[in-house]
Amino acid sequence: MNTENMPKSLKTFPREKAFYFFTSIGNYTGISAASLNEFVERISEVNVKSLEFHLYRGDFEKWMAEVVRDDELSNEVKRLQKFNLMGDALRNQLSAVVSKRLKRLTGQLGPSRFQ
Amino acid sequence: MKIKNDTLTLDATDLEILRALQKDARQTYASIGKRLGMAHSTVYDRIRRMEQHGIIKQYTTVVDGEKAGVKSITALMTIYTDPKESERVAEELSKAPKVLEVYTSLSEELLIIAKVAAENQEGLHAFIANYVAPLPGVLRIRTSIITKKFKETQFSIANDS
């Protein structure tokens, strides 16, 4: 597969750049994501405590900005912090935001309202 | 003290010298010799041979970091690994300056236990997330931050319990 013209957001990253899901300081779940596609899959299966831990530390937005290099997605995820979401409500919202972005990037949706 | 096939076998006098050094490694050969009733040159020779054979590994200083004003936290990591990769994981951990001690342990699963020090909780987490978790063969990690130390000592050859 030719990945040269693929947006960076859709690429698979080396393991040192993957996102590693923790439930608290130093407690790694064994679940990681090396691409945005994998990220969406993993957030549906990981312990929801891990999503709460990372969202409110700003880890997701940081990974999306620095590794995925998708500032728009990073800002969308950061916005979720304002709603004080917990549990499955957080899981569903996070999944919806990232899935929507993926669809946009793969051309399955129209242009973003931010573009 | 006997040397056979390049292996040093210690006698009672060597053990006495080691006990003396473990109590106070700064004391002189003459002081040890006087206490044990032997010449300082004998003490010197025996210590040199124990150093050369790696029985005496190093002379170090035990620092109370808290009193020295060094802010740091210590944690114990239990790392569950793929058995095929555990040796390599342990070797990679051993290279990291933040990791103070590394052990492998066989319980229900193959584990690596490592003691790690960092400047604060954020530094600890960043190290584990960016360096330990990505190592091939790491399945999951449990970390316990040490809140209070009741005892820390090295193995002593002294007879008292």
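What pLDDT does chain B average, and what share of the residues score at least 70? Chain B averages a pLDDT of 89, with 97% of the residues at 70 or above; pLDDT is the predictor's confidence in each residue, on a scale from 0 to 100. The model is a predicted one, so local features are taken at pLDDT of at least 70 and side-chain atom pairs at pLDDT 80 or more, while totals for chains, interfaces and linings use all residues. Residues are numbered from 1 along each chain as its sequence is written, and chains are lettered from A, with ligands numbered from 1, in the order in which they are written. For the complex, the predictor gives an ipTM of 0.84 and a pTM of 0.79.

Chain A comes first. Its secondary structure amounts to 5 helices and 2 strands, in the order β-β-α-α-α-α-α along the sequence. Helices (H or I, at least four residues) and strands (E, at least two) are DSSP runs numbered from the N terminus. Of the 115 residues in chain A, 24% are buried. Buried here stands for 20 or more other C-beta atoms within 10 Å of a residue's own, exposed for 12 or fewer, and partly exposed for anything in between, with C-beta atoms placed from the backbone. Among contacts in chain A with a separation of 6 or more, 51% come from residues 24 or more positions apart; a contact is a pair of residues whose C-beta atoms, placed from the backbone, lie within 7 Å.

Helix 2 of chain A (residues 48–57) has Ser50(A), Leu51(A), His54(A) and Leu55(A) as its buried residues. They sit on the same side of helix 2 of chain A because they cover an arc of only 120 degrees around the axis, the arc being that of the directions from the helix axis to the C-beta atoms. An α-helix has 3.6 residues a turn, so residues three or four places apart point the same way. The buried residues of helix 2 of chain A pack against strand 1 (19–24), strand 2 (27–33), helix 1 (36–45), helix 3 (59–66), helix 4 (71–80) and helix 5 (87–105) of chain A. After helix 2 of chain A comes Gly58(A), with a positive phi near 85 degrees.

Most residues other than glycine have a negative phi. Arg69(A) lies between helix 3 and helix 4 of chain A and is partly exposed, with 13 other C-beta atoms within 10 Å. Asn84(A) lies between helix 4 and helix 5 of chain A and counts as exposed, with 9 C-beta neighbours inside 10 Å.

Chain B splits into domain 1 (2–52) and domain 2 (73–145), with bounds from an automatic or database domain assignment. Their centres, taken over C-alpha atoms, are 37 Å apart.

Where the chains meet, chain B gives 14 residues and chain A 11 residues. On the chain B side, strand 3 (73–81), helix 5 (121–132) and strand 6 (138–145) each give two or more residues. That side has 9 nonpolar, 3 polar and 2 charged residues; Ala, Val, Leu, Ile, Met, Phe, Trp, Tyr, Cys and Pro count as nonpolar, Asp, Glu, Lys and Arg as charged, and the others, Gly among them, as polar. Met77(B) touches Gly26(A), and its other contacts include Ile128(B) and Ile141(B), leaving aside residues up to four places away in sequence.

How values were computed: Contact = placed C-beta atoms within 7 Å.
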